Amino acid sequence: MSDCIFCSIINGDIPAAKVFENEHCLAFLDISQVTKGHTLVIPKVHSENVYKLDEETAANYFKAIPEIARAIKAAYNPIGLNLLNNNGEAAGQSVFHYHMHLIPRYGQGDGMG
Ligand code: 5GP
Ligand code: ZN
């Protein structure tokens, strides 16, 4: 989609700090890190939210999540990891290309309460 920020990151029109990439998905650091290593994972196929995600895209996407989680653990050594996905404005979604937040947790005082 031409007016989608995350499609522009996939196309290379907007730079991003890449964490992981394969033919189906891309992981990159969130521009506004809630904790160190806060990563977004997006499917390369544009889908607005979970309701629009087709099963094949979802299967290919979710297959990569454990490997990305392990890469974050190896890079940042957190003691926990939150996976979070907002769907719809009322749920806090601000970019309407499906994405998961992977938020490393470091214990009390890591900014996530
Ligand atoms: P949402 O609120 O839709 O669940 O999350 C969207 C996330 O995208 C936010 O955490 C925001 O900081 C991040 N974001 C928005 N624009 C950009 C960008 O251009 N580059 C990167 N790396 N992250 C972005
Ligand atoms: Zn998009």
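I began with one residue pair: L40 has H101 as its bridge partner in β5. The model is predicted, and I kept that in mind throughout.

**Entry 1: β3 and β5.** I looked up how the two strands meet. Strand β3 covers residues 39-43 and strand β5 covers residues 100-105. They run antiparallel, and three bridges join them. I then checked V41, whose bridge partner in β5 is M100.

**Entry 2: β3 and β2.** Next I turned to strand β2, residues 25-29. Five bridges join β2 to β3, and this pair also runs antiparallel. I found F28 opposite L40 of β3.

**Entry 3: the whole sheet.** In what order do the five strands lie? I read the order as β1-β2-β3-β5-β4. The sheet is open, and its pairing is antiparallel. Its edge strands are β1 (18-21) and β4 (80-84), each of which pairs on one side only. From one strand to the next, the twist averages 20 degrees.

**Entry 4: burial of β3.** Is β3 enclosed or open to the outside? I found five of its five residues buried, so β3 is largely enclosed by the rest of the structure. I sorted the residues by face. T39, V41 and P43 are on one side, with L40 and I42 on the other. Both faces are covered. I recalled a general rule here: in a regular strand, side chains alternate between the two faces of the sheet.

**Entry 5: the core.** Which residues of the largest nonpolar core touch the most other members? I listed C25, L26, A27, V41, I42 and L102, out of 16 residues in that core. At least two core residues come from each of α1 (5-11), β2, β3, α2 (55-76) and β5. Strand β2 gives the largest share, four residues.

**Entry 6: L26.** I picked L26 from that list and looked up its contacts. Leaving out residues up to four places away in sequence, L26 touches I10, K18, E21, I42 and K44. One of these, I42, is also on the core list.

**Entry 7: ligand 1.** Last, I went to the ligand. There are 14 residues around ligand 1. Which of them come nearest? I noted I31, S32, N86, S94 and V95.

Key:
Residues are numbered from 1 along each chain as its sequence is written. Chains are lettered from A and ligands numbered from 1 in the order in which they are written. This is a predicted model: local features need pLDDT of at least 70, side-chain atom pairs count only at pLDDT 80 or more; totals for chains, interfaces and linings use all residues. Two strands pair if DSSP finds at least two bridges between them. Axes are lines fitted to C-alpha atoms, for helices over the stretch in contact, and angles run from 0 to 180 degrees between N-to-C directions. A residue is buried if 20 or more other C-beta atoms lie within 10 Å of its own, exposed if 12 or fewer, and partly exposed in between; C-beta atoms are placed from the backbone. A residue is near a molecule or strand if its C-beta atom, placed from the backbone, lies within 6 Å of it. A nonpolar core is a set of buried Ala, Val, Leu, Ile, Met, Phe, Trp, Tyr and Cys residues joined through C-beta atoms within 7 Å. Two residues are in contact if their C-beta atoms, placed from the backbone, lie within 7 Å.
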